[in-house]
Amino acid sequence: MRPRKRFGQHFLHDQGVLQGMADAIRLKTGDRVLEIGPGQGALTDYLYANEGMHYLAVEIDRDLAPLLPKRYPNINVINQDILRVDLNEVFSGGAVVDGPPWRVVGNLPYNISSPLIIKLIDHVLVAPGTIGDMHFMLQKEMASRLSAIPGTKAWGRLSVMIQVTARVDYLFDVGPESFTPPPKVDSSVIRITPIANAHLPVARQNLDQVLRMAFSARRKRLSNALKNLAINWQEVDVDSGLRADDVTVEQFIQLAQWAAANPVKI
Ligand code: SAM
């Protein structure tokens with residue numbers, strides 16, 4: 001079957017990489033698994049072990065979606081766009097209504113990885129405890145942004161948004177030659193572990209606003225980049241001389257909390 005570019009189809013054929021992912025994920029009997037984009041089942045073959053698992057997959061390609069249940073009758077495949085599915089329905093439906101937290105896995109189509117991760121992280125906030133962990137193959141640059149630390153070039157809006165609710169571990173890199181067809185970029189495997197009882201201590205829109213302003217002027221000092229918020233710097237424990245690159249998650253939250261409590265009058 002010809003790989004479809006519009007669905008970001010790069011199929012993994014490197015057995016070493018597949019085994020490496022399976023070793024990192026370590027599924028066990030009784031696990032509830034959601035695989036995003038199983039394709040021809042390269043990763044599924046390494047992960048799916050027995051009937052004791054509750055294994056669900058979401059695959060957009062209607063030619064590929066029927067393949068897995070032929071091989072593994074106990075796997076359910078939803079033939080839909082993962083960005084459009086209602087995660088509440090996905091996680092609450094199926095054979096096992098009450099069970100352990102879901103393990104989410106996938107060699108993701110790179111064109112949707114950013115909105116997909118935001119969608120999953122938002123779900124962690126509305127339904128804490130539903131997702132135990134997530135293991136994804138991603139574009140390397142995206143993996144670096146998600147797992148970045150302050151003071152580095154990769155530190156940005158996405159790093160803060162995800163690290164408010166989850167721990168991100170960068171596991172290993174994968175070269176283009178491990179895929180058919182090879183993508184133009186390098187890839188990496190990461191683990192995202194939601195923080196227990198994760199909650200956003202400030203409205204999402206306030207945090208978004210501060211992050212957008214700070215990172216769109218990342219060379220400027222905060223006093224300048226955030227001047228439209230009219231922050232009283234005596235009231236926050238953040239140095240106004242810092243640049244966005246050096247501001248920690250906790251400091252961004254403080255700034256967003258201040259902005260939420262002191263809306264600017266126009
Ligand atoms: N897991 C397979 C592997 O490792 O060989 C395929 C990985 S390929 C990078 C991405 C897969 O995600 C493809 O099977 C593609 O059809 C599917 N896909 C792309 N966009 C999707 C979407 N919006 N929702 C669900 N699946 C999608």
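The ligand sits in the largest pocket. Here a pocket is an open set of points on a 1 Å grid over the protein atoms alone, with protein on both sides within 12 Å along at least five of seven lines, and sitting in it takes more than half of the molecule's atoms within 2 Å of its grid points. This is a predicted model, so to speak of local features needs pLDDT of at least 70 and side-chain atom pairs count only at 80 or more, while totals for chains, interfaces and linings use all residues. Residues are numbered from 1 along each chain as its sequence is written, and side-chain values use heavy atoms, with hydrogens and water left out.

Now for the polar contacts, meaning N or O pairs within 3.5 Å. A ligand nitrogen lies 2.9 Å from a polar backbone atom of G37. For P38, a polar backbone atom is 3.3 Å from a ligand nitrogen, and for I60 the distance is 3.3 Å as well. The protein buries 98% of the 590 Å² that the ligand exposes when taken alone (Shrake-Rupley areas, 1.4 Å probe).

Zooming out, the chain has ten helices and nine strands, which are DSSP runs of H or I with at least four residues and of E with at least two. Its C-alpha atoms fill a box of roughly 65 × 40 × 30 Å along the principal axes.

Two backbone details are left. T180 and P181 are joined by a cis peptide bond, with omega about -10°, and P181 is in the loop between β8 (179-180) and β9 (187-194). R26, in the loop between α1 (15-25) and β2 (32-36), has a positive phi near 50° without being a glycine.

Conventions. A polar contact is a pair of N or O atoms within 3.5 Å; within protein, one must be able to donate a hydrogen and the other to accept it, and residues adjacent in sequence count only if both atoms are side-chain atoms. On a 1 Å grid over the protein atoms alone, a cavity is a set of points where a 1.4 Å probe fits but cannot get out, and a pocket is an open set with protein on both sides within 12 Å along at least five of seven lines; lining residues have an atom within 4 Å of a point.
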